[in-house]
Amino acid sequence: MHNFFKVVDINSVLSMATAFDVLPEEPVPLSAAEGRTLAEDIDADLDIPGFSRSTMDGYAVQGASTFGASEGNPAFLRVVGNVPMGAKPDVAVGPGEAARIATGGMLPKGSDAVVMVEHTEALDAETIEAYKSAAPGQHVIARGEDMCTGERLLHRGQRLRPQEIGLLAAVGRSQLNVFQRPRVGILSTGDEVVPVDAVPAPGQIRDVNSAALAAFIHAAGGLPQAYGIVPDDYAALLETCRRALAANDMVLISGGSSVGTRDFTIDVLQALDDADIMVHGVSIRPGKPTILARAGTKPVWGLPGHVTSAMVVFAVLVRPFLERLGGLDPKFRRRFHVPARLTRNLPSVQGRVDYVRVRLVATAAGLEADPVLGKSGLIRTMAVADGLLCIDENAEGLDGGMVVPVELI
């Protein structure tokens, strides 16, 4: 027996992430930057917009020239010219004057507002009536209103979404520095596990974990690499684990973390070069028989074989380690909780943190959290769940009718 289940709490496990170094930086073109994590701060290189511009088709005016205008008492304005698109206007607008302008056009000198074309009527080629007043700044984006030169816009350690890609384009960054994406090797173990496209014989199961974990890794910004199904054989598992470690920044071994004469995970991890078993047992349900080891500078996880347990452990424990390797600053982690009313009592046992799968149901009174109960080997319980409800280790359960925070998954 290998000192099995010296159980540690979740926060103690999460604190161990700092024992692993962030991966190196690399330059990428803007077109390949979505989903990557910034390795530099980004400042605005100029004012955006670089000039005051119209947000409507209409007439650039001095707002004061339209004060009090209405359908019964319109303001009469003299048209002094047109504002060309993509160029600096060669006209100026004075009191009682207007210049035709399109959406995005640069406000001419002297103007401070735009009257929408729908609120005007042309009397002749040089005169319009304005039926509605325009306050200074109305229908106008001022110079630097979006961002000012030198303003800090994005931060090192921030993951880039499509909207950040647009912002980077706005400040002229065609290339930027990001952290390398963590490469994660996935091993499934067990003589009973068969490929996804196989028809399981009696006593066999399909390799669900490799596919599910690969999807979780990809969503977290990593690069998954499956190493297939490894039989319950010490030499085979050791050889495959060494290959995966050589080519990846993290390794996940699915199965083989519980008590059993044919479970070789601990023996294999101890046989790796410069290996240290950091955790063998976590006060979490599902997922108590979780292993964390360090092989050299790389984390290696022994995940439970039950699919729901493996998914919950990844979401709660493994993902923060993966994000650490990928350079994500914890303050930019996106973990969203929504309040929902619990539909039934949920018992729990003190001394462990329970993660309960819940389905969210929209009602006239708000969201309800309906527990999805089932054993940890049932994949469908995760597929129908919208989130996870955490029951603290010091609680004996939750009462139906309570409003609880549900973490979306």
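How many salt bridges does the structure hold? The structure, a predicted model, holds 18 salt bridges.

## Charged pairs

Side chains of opposite charge can pair when their charged atoms come close. One of the pairs joins the side chains of Glu26 and Arg36, with 2.6 Å from N to O. Arg36 is buried, at a relative accessible area of 9%. Glu26 has 26% relative accessibility and counts as partly exposed.

Another salt bridge forms between Arg152 and Asp41, whose closest N and O atoms are 3.1 Å apart. This pair also connects distant parts of the chain: Arg152 is in strand β11 (residues 152-154) and Asp41 is in the loop between β1 and β2, 111 residues apart. Arg152 is partly exposed at 41% relative accessibility, and Asp41 is partly exposed with a relative accessible area of 37%.

Glu164 pairs with Arg161 in a further salt bridge, where the closest N and O atoms are 2.7 Å apart. Glu164 is buried, because its relative accessible area of 7% falls under 20%. Arg161, at 29% relative accessibility, counts as partly exposed.

## A network of salt bridges

Arg319, Glu323, Arg333, Arg335 and Glu407 are joined in a network of salt bridges.

In soluble globular proteins, nonpolar side chains tend to be buried together. The largest nonpolar core has 36 residues, and the members that touch the most others are Met250, Leu252 and Trp301. Two or more residues come from each of the elements α1 (10-15), β13 (183-189), α3 (208-219), β17 (250-254), β18 (275-280), β21 (298-303), α6 (307-325) and β24 (353-363). Which element gives the most to this core? Helix α6 does, with 12 residues.

Leu252 shows what surrounds one such member. Apart from neighbours within four places in sequence, Leu252 is in contact with Val184, Gly185, Ile186, Leu187, Leu213, Ile217, Trp301, Leu303, Phe314 and Val318.

Key: Residues are numbered from 1 along each chain as its sequence is written. This is a predicted model: local features need pLDDT of at least 70, side-chain atom pairs count only at pLDDT 80 or more; totals for chains, interfaces and linings use all residues. Side-chain values use heavy atoms; hydrogens and water are left out. A salt bridge is a side-chain nitrogen of Lys or Arg within 4 Å of a carboxyl oxygen of Asp or Glu. Buried means under 20% relative accessible area, exposed over 50%, partly exposed in between (1.4 Å probe, protein chains only). Helices (H or I, at least four residues) and strands (E, at least two) are DSSP runs, numbered from the N terminus. A nonpolar core is a set of buried Ala, Val, Leu, Ile, Met, Phe, Trp, Tyr and Cys residues joined through side-chain atoms within 4.5 Å. Contact means heavy atoms within 4.5 Å.
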